[in-house]
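Subject: Structure for your review

Hello,

Here is the structure I said I would pass on. My notes on it follow below.

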Amino acid sequence: MSAISVYGIPGSPFLRSVEIALKEKGVSYHLHPIAPGEHKQPKHLARHPFGRVPAFDHDGFAIYETQAILRYLDDVFPTPSLTPGNPEGRARMNQVIGIIECYFFPKAAAPIGFNRIIGPRLLGVAGDEAAIAEAMPMARTCSPALITPGFNVDCT
Ligand SMILES: N[C@@H](CCC(=O)N[C@@H](CS)C(=O)NCC(=O)O)C(=O)O
């Protein structure tokens, strides 16, 4: 019987990615919720030296970075596969991952999400409208780039 532990701040989209993969594969796991701020404490830094979430452990094999966790899960629990079966599909998958990691999350989702939702609604601090305005061009570039051709989603 294998034991999987996932550590993260509930609400984190990266944590959610790992949980979705585990649910898709029907693999049971134990979620260890971390309170905001705890992810910078020594206990969590021992799991993730960059102080981010999620972190993951499977029978003593510890790994962090969402992409590494997801690829590991797809290797170890191959059904259903989360990786497209053709080179074009895999290239598009890798492109989407790159867009999210380099552009969308750090330069659009994080500043807009923090200043529009997390700060004002959850932490009681005013959002920084200038930071939102600065992030909007990147959000506008990312939105159509993340739409997979053929899915016919209108993002105007
Ligand atoms: N490259 C990391 C990014 C993870 C990440 O940025 N997670 C956010 C939560 S969604 C986080 O830990 N933020 C806390 C912080 O930056 O202090 C991954 O793919 O796992």
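Which residues of α5 are buried? They are Ile132, Ala135, Ala139 and Cys142. Please keep in mind that this is a predicted model. An α-helix has 3.6 residues a turn, so residues three or four places apart point the same way. The cover over the buried residues of α5 includes α4 (87-123).

Helix α5 covers residues 129-146, which is 18 residues. At 1.5 Å a residue it should span 26 Å, and the C-alpha atoms at its ends are 25 Å apart, so the two values agree.

Some backbone geometry to check in the loops:

Most residues other than glycine have a negative phi, and most peptide bonds are trans. The bond joining Val53 and Pro54 is cis, with omega about 5°; Pro54 sits in the loop between α2 (42-45) and β3 (55-58). A cis bond also runs from Thr79 to Pro80, with omega near -10°, and Pro80 is in the loop between α3 (66-76) and α4.

For Asp59 the value is near 50°, and for Glu65 about 85°. Asp59 lies in the loop between β3 and β4 (61-64) and counts as exposed because its relative accessibility is 52%, with the cut-off at over 50%. Glu65 belongs to the loop between β4 and α3; at 40% relative accessibility, Glu65 counts as partly exposed.

Regards

Terms used:
Residues are numbered from 1 along each chain as its sequence is written. This is a predicted model: local features need pLDDT of at least 70, side-chain atom pairs count only at pLDDT 80 or more; totals for chains, interfaces and linings use all residues. Side-chain values use heavy atoms; hydrogens and water are left out. Helices (H or I, at least four residues) and strands (E, at least two) are DSSP runs, numbered from the N terminus. The expected span of a helix is 1.5 Å times one less than its number of residues. Buried means under 20% relative accessible area, exposed over 50%, partly exposed in between (1.4 Å probe, protein chains only). Contact means heavy atoms within 4.5 Å.
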